[in-house]
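Please open the model in your viewer and keep the sequence beside it, ready to select single residues by number.

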Amino acid sequence: MITEKDIQTRISEILTDAGFNVVASEVEEGFNKPAVFVSVFPADAKLLSCGGAGEEVTDSIEIKYISALETVEDCIGAYSRIKELFLYPTFDIMDRHLTIHEMNFEIEKGVMYVYFDINFIQAVDKTEKYD
């Protein structure tokens, strides 16, 4: 079963391996720039059958890139690198090969935000308990 923490860890690994300085989300100051913060939030869950044997899950990912130079040009350079890492290739999380179909970007005052969703199907370990 894939959790939001598993997704956050894997995305952080991919970014770190590509040379990005990934900082823990809890850190608010004292980090070196450029810096990247990764957040993963549950967005949607659907049962796939009446018995509840599987579910379709959608998690939303936010990557926050803080530029060292605080320029739009620097953010655009990071945009290209992040897009190459996640939009075109598939990547693995646990035993799944995941594909991103759409990414959204915003740049504001030397900070770029990248948004995308990950959608996957997984088995549900559902054991009913009776009193």
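Predicted model: local features only at pLDDT ≥ 70, side-chain atom pairs only at ≥ 80, totals over all residues.

Begin by selecting Pro34, which lies in the loop between helix H1 (4-17) and strand E1 (35-47). If you show the backbone here and look at the peptide bond from Lys33 to Pro34, you will find that it is cis, with omega near 0°. Most peptide bonds are trans.

Next, go to Glu70, in the loop between strand E2 (54-66) and helix H2 (72-86). Although Glu70 is not a glycine, its phi is positive, at about 55°. Most residues other than glycine have a negative phi.

Now select Lys109, which sits in the loop between strand E5 (103-108) and E6, and which also has a positive phi, of about 50°, without being a glycine. Is Lys109 buried or exposed? Its relative accessible area is 78%, and because the cut-off for exposed is over 50%, Lys109 counts as exposed.

Finally, follow the chain into strand E6 (residues 111-123) and select Gln122. This residue is buried, because its relative accessible area of 4% falls under the 20% cut-off. Display the side chain of Gln122 and trace it towards Ile2, whose backbone nitrogen it reaches at 2.8 Å. Which residues does Gln122 touch, not counting those up to four places away in sequence? Colour Met1, Ile2, Gly54, Glu55, Val57 and Arg96 to see these contacts around Gln122.

Notes. Residues numbered from 1 in each chain as written. Heavy atoms only, no water. Helix = DSSP H or I, 4+ residues; strand = E, 2+ residues; numbered from the N terminus. Buried < 20%, exposed > 50% of the residue type's maximum accessible area, 1.4 Å probe, protein only. Polar contact = N/O pair within 3.5 Å; in protein donor to acceptor, adjacent residues only side chain to side chain. Contact = heavy atoms within 4.5 Å.
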